[in-house]
Amino acid sequence: MSAARTKLAGLVNTVATHAKSVTNVAEKQITTRYSKMMEANKEYVVEDQAKASKLFKQWYYTNMSRIPDNITMVQKEAAELRQTLSKGTHLHVTEVGTLAFFAAEVYAWFVVGEIIGRGGSLVDYDVSA
């Protein structure tokens, strides 16, 4: 029994030695890559703490300012679709296929959301809680 323990202890030491060497190599590679990345992108690093604290708000409100443009674009596309459908002209097969694929994708994401909402269940909701 002690021979088995000795063999197991030797195996554990070998694995630990290999793990340490792999960790050292990985650490060197990661450190080198990080240093290269930071050196290549140093122009984007904000040193001033006051400016750095404003960055999230600037990003947030910059994206919020784009909402009216997006709404206008959606309204324009909806008007074009209504105009195309109201003319009574026939849609091309590619347009019908694109619309059908989009509708199927929207439905698929709805189904995925429902499954996630059920906690992964495909059948019904768990209402026991």
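## Basis of the values

In this predicted model, local features need pLDDT of at least 70 and side-chain atom pairs count only at pLDDT 80 or more, while totals for chains, interfaces and linings use all residues. Residues are numbered from 1 along each chain as its sequence is written, and side-chain values use heavy atoms, with hydrogens and water left out.

## Helix H2

Helix H2 covers residues 49-64; helices are DSSP runs of H or I with at least four residues, numbered from the N terminus. H2 has 16 residues and spans 24 Å from its first C-alpha to its last, close to the expected 22 Å, which is 1.5 Å times one less than the number of residues. At Leu55 the helix bends by about 35 degrees, the angle between axes fitted to the seven residues ending there and the seven starting there.

The number of buried residues in H2 is 0, so the helix lies largely in the open. Buried means under 20% relative accessible area, exposed over 50%, and partly exposed in between, with a 1.4 Å probe and protein chains only. Tyr61, in H2, counts as exposed at 52% relative accessibility.

## The nonpolar patch

## Leu122

Leu122 lies in the segment after helix H4 (93-117) and is exposed, at 66% relative accessible area. From Met37 it is 85 residues away in sequence and 44 Å away in space, C-alpha to C-alpha.

Methods
Helix = DSSP H or I, 4+ residues; strand = E, 2+ residues; numbered from the N terminus.
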